[in-house]
Amino acid sequence: MTLTLPDRPATASAPPPPERRPRRTPLTWLRGGGLTNLLFVLPMLFVFLFFSWSPIVQSVIMSLQKTNLIVSEWVGIDNYAAVLSDPELGRAVVNTLYFALLALLFGFPLPLFMAVLMSEVKRGKGLYSALAYLPVVIPPVVAVLLWKFFYDAGPNGVFNTVLGWVGIGPQPWLSSAAQAMPSLVLEATWAGAGGSIIIYLAALLSVPPELYDAAEVDGAGIWRKVWHVTLPQLRGILFIMLILQVIATAQVFLEPFLFTGGGPAGATKTVLLYIYDKAFRNSLGGDYGEATAVSVLLAIVLAVLSWLYFRLTNRWSTS
């Protein structure tokens, strides 16, 4: 009789040692085509540094000088102290925040709402897309001057005439400190919504149709599909569009400059219009040092805001 020993459990084989990558040296970089790649990128790198970073460095230097572009005097941080103690800058910041708040309340959800409606249309989607994008094609100055004509405060003004059809009296529009800023936001929303609508329409094509089919099987209507399917699938795009709109509204200049010039009574004077007045307040030139100091401060604030925004929304936009 033979005795059979039980089989020993197979021992796990040790994983192979990781492959050691060859050490990178200047010689291996040169043999790998590094010099050729550098020569290929060098012109573009030069253009980027010259036209992007060189003005930034010059702006920082100018913000530390008192200059009218002819005579310069080094004053250090005196320009920053002067503008930070200027009450006009505080009011310009408040006006800019007010513009940004109104633009976010009305201008941010409207393009998404229009894109969702247009995506549900079965026929003529291309025509509606072209009509939605038409305001973007119109030159901004032409659009502002056209709306300025519409905002005529007289009883025969275009908008006042339309309001008269429903029994509403003439409105002062741009002549009123209370109505001027909402009027600017209305035109800016009309002018900029088309680009956002096209982006949202393109993003909606990436949403799997199976999710909408499953929602319809569960009896979900259009609004429940938007809330439970569309918005979660577009979180990344929504977060990007939100920060882009915040940055754009913080730099609004064209509308207050052409519509009201900052009036009435400074109600529409934004930060960029304050910078413009600082630099070009008279024919001989203003104080470019203080104007540049405000520009640098605005850039720093927007950079820090963007960094915090992406840090806080990184998990929400990808989860």
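**A buried asparagine and a set of salt bridges**

The side chain of asparagine 160 reaches the backbone nitrogen of glutamine 171 at 2.8 Å, and the backbone oxygen of alanine 153 at 3.2 Å. This is a predicted model, in which local features need pLDDT of at least 70 and side-chain atom pairs count only at pLDDT 80 or more, while totals for chains, interfaces and linings use all residues. Residues are numbered from 1 along each chain as its sequence is written, and side-chain values use heavy atoms, with hydrogens and water left out.

Asparagine 160 sits in helix H8, residues 158-165 (helices are DSSP runs of H or I with at least four residues, numbered from the N terminus). With 3% relative accessibility, asparagine 160 counts as buried (buried means under 20% relative accessible area, exposed over 50%, partly exposed in between, with a 1.4 Å probe and protein chains only). Leaving aside residues up to four places away in sequence, asparagine 160 touches Asp152, Ala153, Gly154, Pro155, Pro170, Gln171 and Trp173 (contact means heavy atoms within 4.5 Å).

Turning to charged pairs, the structure holds five salt bridges (a side-chain nitrogen of Lys or Arg within 4 Å of a carboxyl oxygen of Asp or Glu). One of them joins aspartate 86 and lysine 278, whose closest N and O atoms are 3.9 Å apart. Aspartate 86 lies in the loop between helix H3 (78-84) and helix H4 (87-107) and lysine 278 in helix H14 (residues 271-280), so this pair ties together parts 192 residues apart in sequence. Aspartate 86 is buried at 17% relative accessibility, and lysine 278 is buried at 11%.

Note on methods: Helix = DSSP H or I, 4+ residues; strand = E, 2+ residues; numbered from the N terminus. Polar contact = N/O pair within 3.5 Å; in protein donor to acceptor, adjacent residues only side chain to side chain.
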